[in-house]
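Hello,

Here is the structure I promised to pass on. Have a look first, and my notes follow below.

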Amino acid sequence: MINELEIPMYLEEALPEISRDLVSNKKSSAFDLMTALIGFTSKNIKEHNYKSVKRCFQIADKLYSRGNSIVKNAVQNVFVYSFTNMFQNYPAEKKQLLAILPITLYSLYISQIYHNGC
């Protein structure tokens, strides 16, 4: 099980490009780290680097499936919660993003939409 202290190592191993974002911002909590991951993901969406975006989605999915309750909570309430904003900011890319979104994260997103009445 991945705990919140292991997230930086996991992110740096899976996404070496995010290392400078983690170091420069001195991210420490699981929520801060998910904020850094969504920022990195958004930057790659803007650059149309879907291969990297897909990796970000897969990493968040693995963190959710293998994480403890704090990690799961951070993925769900920061990373997945940002999807609505992401889809609004990049409407032309929404279809492509949904095509590469892992089913677990998509299910969490749909649950949030219906739960919050969006």
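At what angle do helix α4 and helix α5 pack, and how far apart are their axes? Helix α4 (residues 50-66) packs against helix α5 (residues 69-79) at about 140 degrees, and the axes are 7 Å apart; axes are lines fitted to C-alpha atoms over the stretch in contact, with angles from 0 to 180 degrees between N-to-C directions.

Before the rest, two notes on the source. This is a predicted model, where local features need pLDDT of at least 70, side-chain atom pairs count only at pLDDT 80 or more, and totals for chains, interfaces and linings use all residues. Residues are numbered from 1 along each chain as its sequence is written, and side-chain values use heavy atoms, leaving out hydrogens and water.

In contact (heavy atoms within 4.5 Å) are C56, F57, A60, L63, Y64 and S65 of α4 with V71, K72, V75, Q76 and F79 of α5. By type, the residues of this contact are 8 nonpolar, 2 polar and 1 charged.

Helix α3 (residues 30-46) also packs with α5, at an angle of about 40 degrees and with the axes 9 Å apart. From α3, the contact takes in A30, F31, M34, T35, L37, I38 and T41, and from α5, I70, N73, A74, V75, V78 and F79. Here the division is 10 nonpolar, 3 polar and no charged.

Finally, helix α1 (residues 7-14) has I7, Y10 and L11 as its buried residues (buried is under 20% relative accessible area, exposed over 50%, partly exposed in between, with a 1.4 Å probe and protein chains only). On the face turned away from that buried side, M9 and E13 are exposed.

Best wishes

Notes. Helix = DSSP H or I, 4+ residues; strand = E, 2+ residues; numbered from the N terminus. Nonpolar A, V, L, I, M, F, W, Y, C, P; charged D, E, K, R; others polar.
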